[in-house]
Every structure is written in C-alpha cells, then in structure tokens.
Amino acid sequence: MNVYAFDPSFGRFVGNYMMASVRYEKLQPGPVGERFAVIDYDGTSKTFYTPVDLDDPKLLVTGGLAPSETDPRFHQQMVYAVASETLQRFESALGRRIHWRRIAGSHASAPESRAASRCLNLFPHAMRQANAFYSPAAHGILFGYFKASRTQPGRNLPGQTVFTCLSHDIISHETTHAIVDGIREYFMEPTNIDVPAFHEAFADLAALFCHFTHKNVLLDTLRKTGGRLFDLQLKPEVQIDNDVDAPTIQAQLAAANPLIALAQQFGEASGMRSGLRGALGTPPNSNDINTRTEPHDRGSILVAAVFDAYFTIYTRRTFDLFRIFRSGGGTVTNGDLPIPLAERLAAEASRTAEQFFVICARALDYCPPVDITFGDFLRAVLTADLDMHPDDPDGVRNAFMEAFRLRGIVADEAASFSEESLFWPKVQRGRLEVEGLVFGDPNGLTSAEKDTNAKALRAFVEANARLLGFDPASGPIKAPSFHPMFQTGQDGRLFVNMVVELVQTTEKPFDATSPGTFPMRNGVTLLIAQDPPDDDRRPKPRVRFVIQKLYSREREERVRNYYLSSGRAPDDKSLSRAKKEDDSRFQIDFGLLHAGV
C-alpha cells in the first residue's frame with residue numbers, strides 16, 4: 001500500500017513515496033479489518049470524514065490512494081497500513097499472534113466486548129493538538145494535528161497544518177506502545193524510573209529499525225555518508241560550527257543521514273529544528289543513567305546503547321568490504337560509493353537491523369512480568385538470543401554487553417558483568433513439568449484449549465508455588481496471559497514454547513502522611529517447552545526458564561518512594577479495593593507523557 005517512508009516534509013526525497021507490504025484481508029470501509037478499525041472522527045470540527053474503501057478494485061490495483069497531505073482518505077490508509085506493517089513485524093519476530101489489552105469493565109466478558117478487544121481503534125484526526133498517543137481507555141491510538149511554528153517551522157510553511165497520522169515513525173511508535181501493553185499489561189504500572197523510559201525507548205527502537213527496510217533511502221544514505229551509517233563525522237561538504245547549539249548539530253547530522261532521526265516533520269514544526277529524537281546521542285557516559293530522569297531523555301540512553309551495539313556489528317561485518325574497496329584504490333572520503341558496494345552494504349545494514357529488531361522483540365517474552373528495568377531488558381536480550389542462536393560468530397551478545405556497560409546500564413541482581421551471570425538460569429531438565437498443557441497451533445488457542453490450559457496451570461502453581469518463589473499466604477496467584485510461540489532455531493528445527501505470566505498482588509500502605517495503599521506485585525515468567533516425541537511418546541511439557549521479580553523489603557520501599565515522588569498517592573482513605581483495580585493513578589498516561597515532546 002502507498003505510504004510515506006518518513007512524512008510529507010521529505011517530499012519526493014529518494015524513497016519517501018514507498019509501498020508497505022500488508023497482508024491482504026477483506027476490509028470494510030474505514031478501513032476496518034480483523035485487527036484494526038480506523039474511525040475518522042475529527043474531535044475538533046465534530047465531523048466524520050468519508051471512509052476509504054480499500055477493497056475497491058480501482059484502489060487495489062494501484063496500492064491504494066497516492067500519498068496526499070490534504071485527502072483524509074489517504075490519512076486513513078496511512079495509519080492502517082503502517083500499523084498493520086508494525087504488527088506483522090512483531091508477530092513474525094515473536095512467532096505468535098499478539099493480543100491487544102482486554103477491554104476493562106463490567107461487560108468485558110460479553111461476546112461483543114471480546115470481539116472489540118481483538119481490534120485496535122485508530123483515530124487519524126482525534127484532536128487539534130501537537131500530540132499522538134496510545135490510550136487503553138479508548139482501546140486505540142489518537143493522532144492529533146496542529147499548526148507549524150511561525151518562527152522556526154523547519155521545512156514546513158509557517159502555520160502549515162501538520163498531521164501526526166502522516167508520520168511513519170509516529171504511527172509505528174504508538175502501535176508499539178499498544179503491542180507492548182498487550183504482551184505485558186503490568187508494564188503500564190510506573191513502579192520505577194525505568195518503566196516509562198523503557199516504553200519510550202522500545203517504541204523508538206521499533207520505529208528506527210523500520211527505517212532500514214526502506215531500501216532506496218538506505219542506498220542513498222550509504223552513498224552520501226561513505227557507508228558510515230552512524231559515524232559522527234559528516235560528509236566533507238557539511239561543516240559544523242563548534243559554537244552552535246545541540247539541536248542545530250542534530251539537524252545537520254539528520255540532513256546527511258535521515259535514518260537516524262525520528263519524526264522529522266513533527267520536531268521541526270514544533271520549533272525544535274530537528275527530528276523529535278534520534279539514534280545518535282552523546283558519546284557513552286556511564287553517569288547519564290544516574291542523572292537523567294525525564295522518560296524520553298532517560299529512554300534515549302537505552303536507544304543509544306542498542307545502536308552502539310548495532311554499529312559495532314555493522315562495522316565488524318562490513319570491514320572486509322571496505323578493506324577490499326580501499327585496496328583497489330577506492331576512497332570513502334568523497335561520500336560517493338560505487339553502486340555495487342552501496343548495495344552490498346545496504347543488504348548487510350538491513351540484515352543486521354532486522355536481526356537486532358528480532359532480538360529486542362523476542363526479549364519481551366524473556367522479561368519478568370512486572371517492574372521492568374533496563375538491567376532486566378539486558379538480561380532478556382542476552383538470554384533470548386542465546387536460546388535461539390547458541391553460536392554467536394560475530395559477537396552480537398558481547399556487543400550488547402559492552403554497549404550497555406559503557407552507558408552505565410547494569411543488572412542489579414547479577415553477580416558480575418559476565419555472560420554466565422547475565423543469562424537467566426535454565427531450569428534443570430525434568431525438575432518442573434506441567435501436566436496437561438495444550439500448545440495449539442500458530443493461529444492461537446481455541447476457547448476449549450484456553451480452558452484446559454487454565455486448569456493445568458492452576459494445578460501446577462498450587463503444587464509448586466513456593467518452588468517458583470511465591471508465598472501462598474500472601475494472596476492468590478493469577479495468570480494474566482499464556483501464549484504458545486513457534487520459532488525456528490539456528491539448526492532449522494521448530495521450537496514450540498509457552499510463555500506464561502504469573503502475578504501475585506498484595507496491598508501495601510504508603511505512609512502515615514499519605515493514607516491508602518498501593519499494589520505491590522510479585523511476578524514470574526515461565527517459558528515452557530513442548531519437546532518433540534521420543535519413540536512415539538510425547539514427553540510432558542517442561543519448564544525451561546523461571547524468570548522472577550519477587551518481593552523484597554528494598555523493592556517495596558523503592559516502589560513506594562517512586563509512587564510518592566510522582567504524586568500517585570491517593571488522598572482518600574475510603575477508596576474501595578474494586579476502584580483501585582481500575583485506578584488510573586497507577587497507570588502510565590501516554591497523553592500526558594507525549595504532550596509537547
């Protein structure tokens with residue numbers, strides 16, 4: 001389907017008009033499909049725009065409408081296509097179907113509510129505001145539109161209307177928020193300073209790695225930068241004055257390399273003179289993690305660490321190509337690589353970017369279900385990659401470890417900064433088995449299979465609660481989700497696993513000056529394997545990993561202090577337990593988090 005690779009501000013820049021590959025499905029006008037429903041109601045003008053019919057044969061043969069800033073029907077097409085593309089990338093990486101967050105409320109179990117939960121709403125013109133955000137309450141993503149700055153509009157006209165629904169990066173970023181919430185619903189609880197920062201960083205990573213699927217843009221950038229994708233050295237004709245400010249430098253860097261900038265039009269129209277954020281940060285500084293507290297600013301540390309590792313591997317894999325090119329008399333200083341070399345570099349850059357995206361996406365299934373930290377994510381990344389790719393000839397895991405270490409990101413529970421300490425420990429084969437678990441097929445579990453698994457997991461937890469790290473006396477242990485995943489290993493074998501979240505919640509008081517309580521959650525992620533039959537006998541499903549985030553007095557105090565410092569303590573002693581379950585004070589509000597950022 002026709003989309004912008006970046007946004008309208010790039011015009012017909014090489015590759016900005018592109019085709020997104022979206023799985024065909026029968027669509028109703030909107031478009032409305034199985035996983036997304038575009039609802040084009042303009043909240044400011046109180047207007048419903050005519051929905052696009054992408055099943056119209058005239059549109060089908062042309063890839064939909066041509067890119068247009070002024071046609072609301074193309075806006076509808078753009079959000080549907082990019083959101084679908086983003087979801088497909090995650091489902092391919094995870095090897096399973098992703099479910100959206102369930103709709104809360106008294107009628108959540110009704111058939112119509114279950115059907116609505118399977119479809120995420122997209123609102124292309126939700127409000128007149130320089131904002132776009134994922135809203136669990138709306139069960140969807142709200143995109144705003146606004147007037148560009150009249151003093152520093154960048155490549156926009158002063159006062160020009162800018163639509164966030166036309167930014168490929170913003171759509172991908174917000175869809176990733178919804179995906180993460182569907183996979184790990186308790187990551188929406190800001191229990192420590194890393195949680196909101198992780199959300200922003202992970203969504204930025206998904207959007208930035210998507211840039212490397214844009215072949216024409218990648219080729220053009222490689223030729224202009226001499227193949228140095230993330231080298232801080234600009235091409236010779238671009239000069240930087242040492243006295244100019246950081247936003248100007250970032251804008252000059254982005255001019256040479258659009259792959260590194262995020263939401264270029266939004267940032268420039270807001271008067272920032274550059275993209276909203278970028279993958280090129282400051283040189284590694286292990287103290288930044290101790291001083292940066294704003295979620296986007298702190299999240300940029302994680303983004304920079306991942307791209308430090310990416311650039312290390314890209315350089316390592318292309319070193320021989322540059323060596324051969326230079327030995328033949330070639331030079332990269334003039335920023336004009338031969339097309340065959342640029343194509344070979346582009347293939348390597350794209351392959352490496354896809355590998356890194358898959359590693360980061362799969363790491364979600366190896367994270368504890370509650371209270372995520374950057375250190376937890378590092379351990380999940382390393383374990384997920386080791387689990388699927390035991391051989392690591394290019395040193396990808398070592399690149400991750402070194403990049404995170406230089407940025408000051410450490411795992412608090414690890415004994416040392418070594419692979420042996422950072423990998424989540426495996427459960428000894430045969431020690432924990434789950435009787436009666438059904439894995440279904442890649443299309444998902446049927447209702448009967450879900451009921452069977454719920455009973456099997458309930459019996460397993462009751463029998464092994466203490467072994468898993470829970471105290472049965474502290475309250476019931478729930479399984480918010482369990483999903484089979486189907487992946488192909490390094491040797492071509494099919495691996496079938498079940499990812500299970502187990503969460504136990506207790507209420508803890510704030511303090512004498514702040515009446516009320518807060519939910520203190522302990523969680524365990526189980527990865528359960530279904531091994532292939534042996535001599536016509538299928539072995540019992542066995543637990544391979546028990547990834548814990550359990551109670552400690554220190555952790556309770558940390559959660560309490562973070563809630564108090566962020567103003568989340570209730571001011572009413574009479575808050576009922578039922579009300580607390582849906583209390584928004586213990587949820588990240590992306591509308592506020594993204595406002596003006």
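The dialogue below takes up strands, a helix and the surface in turn.

Tutor: Please bear in mind throughout that this is a predicted model.

Student: How should I think about strands that lie side by side?

Tutor: Strands of a sheet pair through backbone hydrogen bonds, and the pairing is either parallel or antiparallel.

Student: What lies between E7 and E8?

Tutor: These two strands form a hairpin, with 4 residues between them. In the turn, His-139 has a positive phi of about 50°.

Student: Why is E8 described as largely enclosed?

Tutor: A residue is called buried when its relative accessible area is under 20%. Of the 8 residues of E8, 7 are buried, so the rest of the structure largely encloses this strand.

Student: In what order do the strands of the open sheet of 4 strands lie?

Tutor: The order is E12-E13-E14-E15, and the pairing is antiparallel. Strand E12 (477-488) and strand E15 (542-549) are at the edges; each has a single partner strand, so one side of each lacks a neighbour in the sheet. From one strand to the next, the twist averages 20°. E12 pairs with strand E13 (residues 494-511) over 10 bridges, and Thr-488 stands opposite Leu-494 in E13.

Student: How do I read a helix?

Tutor: An α-helix has 3.6 residues a turn, so residues three or four places apart point the same way. Helix H12 (residues 374-388) has 15 residues, which at 1.5 Å a residue should span 21 Å; the end C-alpha atoms are 21 Å apart, which agrees. H12 is mostly covered, with 14 of its 15 residues buried.

Student: Which residues make the nonpolar surface patch?

Tutor: Tyr-24, Leu-60 and Val-61 make this patch of about 350 Å². Leu-60 is found in helix H1 (residues 57-60).

Student: Why does Leu-60 count as partly exposed?

Tutor: Partly exposed residues fall between the buried cut-off of under 20% and the exposed cut-off of over 50%. Leu-60 has 43% relative accessibility, and therefore counts as partly exposed.

Technical notes
Residues numbered from 1 in each chain as written. Predicted model: local features only at pLDDT ≥ 70, side-chain atom pairs only at ≥ 80, totals over all residues. Heavy atoms only, no water. Expected span 1.5 Å × (residues − 1). Buried < 20%, exposed > 50% of the residue type's maximum accessible area, 1.4 Å probe, protein only. Patch = residues over 30% accessible without salt bridge, like charges linked within 9 Å, V, L, I, M, F, W, Y side chains within 5 Å. Areas by Shrake-Rupley, 256 points an atom, 1.4 Å probe, with all protein chains shown as cover. Salt bridge = Lys/Arg side-chain N within 4 Å of Asp/Glu carboxyl O. Pairing = 2+ DSSP bridges. Axes fitted to C-alpha atoms, helices over the stretch in contact; angles between N-to-C directions.
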